[in-house]
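User: Please take a close look at one part of this model, the place where the two protein chains meet. I would like a connected account of what each side contributes and how the copies are related.

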2 protein chains.
Amino acid sequence: MRPTKRDELVQKALQAFYRNGFHATGMDMLVAETGISKTSMYKHFRTKEDLILAVLRLRDERFRNWLYRRMEELADTPRGQLIAMFDALEEWFGEPGYKGCMFIKASSEYQDASHPIHGQSADHKRMLERHITALAERAGLSDPGAIARQLLLLKEGAIVTAHLGHTKDPAQDAKAAAIQLIEDHSR
Amino acid sequence: MRPTKRDELVQKALQAFYRNGFHATGMDMLVAETGISKTSMYKHFRTKEDLILAVLRLRDERFRNWLYRRMEELADTPRGQLIAMFDALEEWFGEPGYKGCMFIKASSEYQDASHPIHGQSADHKRMLERHITALAERAGLSDPGAIARQLLLLKEGAIVTAHLGHTKDPAQDAKAAAIQLIEDHSR
DNA sequence: TGCAAGAGTTACCGATCGGTACACTTTATG
DNA sequence: CATAAAGTGTACCGATCGGTAACTCTTGCA
């Protein structure tokens with residue numbers, strides 16, 4: 001009963017979409033790369049769009065789990081964890097196949113605010129914001145919502161800049177800025 | 001001798017690509033939207049990619065001209081202009097057809113660092129960085145390169161967040177952060 | 001007036017797109 | 001062992017993809 005093949009499909013489709021983009025990755029390429037027949041794919045997902053939505057759900061789960069865990073491993077105070085977010089990002093930027101944020105890409109290719117893919121990407125960012133805001137509260141910062149939004153702006157900016165310039169430098173630039181902003185919200 | 005038709009094509013293609021994305025906009029759609037025959041297009045541009053590169057050149061020129069001019073109109077000191085960048089961004093975010101940054105989109109759809117479209121997008125960001133760095137110098141800020149990079153991270157973050165959340169709020173969040181960062185670099 | 005260059009029209013190319021029909025084989029379970 | 005669910009292979013669909021050939025129409029200028 002365990003949906004092994006389905007999970008395998010979603011996972012491999014994730015890699016293909018991340019590497020090639022959504023429109024540029026055809027279902028036939030997915031067949032070639034996953035080794036799963038097109039007939040099977042269309043038994044699990046009615047359309048390509050449905051598959052993409054499943055891919056984004058998996059990505060959301062994995063990315064948030066990874067980031068939150070890494071932040072906790074790198075620091076043990078809420079305040080330290082907020083700053084450690086940028087060290088975690090630096091690790092990500094340095095990975096060989098780094099190609100930016102999948103949700104930014106998704107919302108770039110499916111721009112209509114009403115499109116489910118765009119909406120799901122926005123959900124991901126909202127969940128991140130909630131987590132960071134909670135952390136800012138526990139760190140005792142003044143106006144936790146505002147500082148959380150600012151840190152996330154630095155995060156998104158670093159993600160796209162690291163991708164465009166293919167360098168991980170933006171992580172430390174963002175970290176330096178984050179430290180100053182947190183400092184100013186500390187009393 | 002004036003290349004009227006060619007310019008018209010590039011300009012209308014810019015709108016179409018910005019609205020629909022690059023892969024999602026076919027040459028036939030361009031024919032329908034511009035009223036220019038496909039034969040004519042292919043006399044001016046050898047490939048779709050060449051057309052996209054011309055579109056990005058136009059976008060770069062227009063966007064930087066607009067941003068620099070707006071910053072100068074909104075403030076008359078270098079320091080004020082740096083901060084005014086985020087007010088200019090807010091105006092942009094509030095425009096009806098706002099769909100994020102064309103160069104981020106382009107580098108999302110053409111991810112390979114070696115791809116000309118990716119490279120040209122990176123050029124745009126580099127030119128922005130040079131301008132902002134020079135402004136930071138004239139503002140007398142310590143470490144102008146670092147503060148410029150940080151401000152641009154806030155800018156990129158605000159651009160994608162405004163697009164994803166279809167709200168212009170990130171502009172003021174970024175502005176508040178920018179003011180603090182500039183403050184800390186002032187002595 | 002003649003004529004070349006630019007633009008348009010129409011029809012077409014092979015390849016690929018997302019998606020389906022159908023018959024076949026594998027696999028897990030009662 | 002039977003059976004049904006799950007997966008595969010192959011061939012196909014109409015539409016669209018980026019790009020081209022051949023021919024006509026317009027326009028500016030010597």
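Analyst: In this predicted model, 38 residues of chain A are in contact with 38 residues of chain B. On the side of chain A that touches chain B, at least two residues each are supplied by helix 6 (102-109), helix 7 (116-138), helix 8 (144-164) and helix 9 (169-184) of chain A. Among these, helix 8 of chain A provides the largest share of that side, namely 13 residues. Sorted by class, the residues of chain A that form the side touching chain B comprise 15 nonpolar, 14 polar and nine charged.

The relation between the copies can be described in terms of a rotation and a shift. Two copies of a chain are related by a rotation about an axis together with a shift along that axis.

Helix 1 (4-20) and helix 3 (38-44) of chain A, along with helix 2 (27-34) and helix 3 (38-44) of chain B, each supply at least two residues of the surface near DNA strand D, and helix 3 of chain A gives the most, with four residues. By class, that surface near DNA strand D holds four nonpolar, six polar and seven charged residues.

Within chain A, one further helix pair deserves a description. The axes of helix 4 (residues 48-74) and helix 5 (residues 78-94) of chain A come within 8 Å and cross at roughly 115°, so helix 4 of chain A is roughly perpendicular to helix 5 of chain A. The crossing in which helix 4 of chain A passes helix 5 of chain A is right-handed. On the helix 4 side, A:L67, A:R70, A:M71, A:E72 and A:L74 meet A:Q81, A:A84, A:M85, A:D87 and A:A88 of helix 5 of chain A, and this contact between the two helices of chain A consists of six nonpolar, one polar and three charged residues.

Terms used
Residues are numbered from 1 along each chain as its sequence is written. Chains are lettered from A and ligands numbered from 1 in the order in which they are written. This is a predicted model: local features need pLDDT of at least 70, side-chain atom pairs count only at pLDDT 80 or more; totals for chains, interfaces and linings use all residues. Two residues are in contact if their C-beta atoms, placed from the backbone, lie within 7 Å. Ala, Val, Leu, Ile, Met, Phe, Trp, Tyr, Cys and Pro count as nonpolar, Asp, Glu, Lys and Arg as charged, and the others, Gly among them, as polar. Axes are lines fitted to C-alpha atoms, for helices over the stretch in contact, and angles run from 0 to 180 degrees between N-to-C directions. Angles under 35 degrees count as roughly parallel, over 145 as roughly antiparallel, 65 to 115 as roughly perpendicular and the rest as oblique. A crossing is left-handed if the near helix is turned anticlockwise from the far one by less than a right angle, and right-handed if clockwise.
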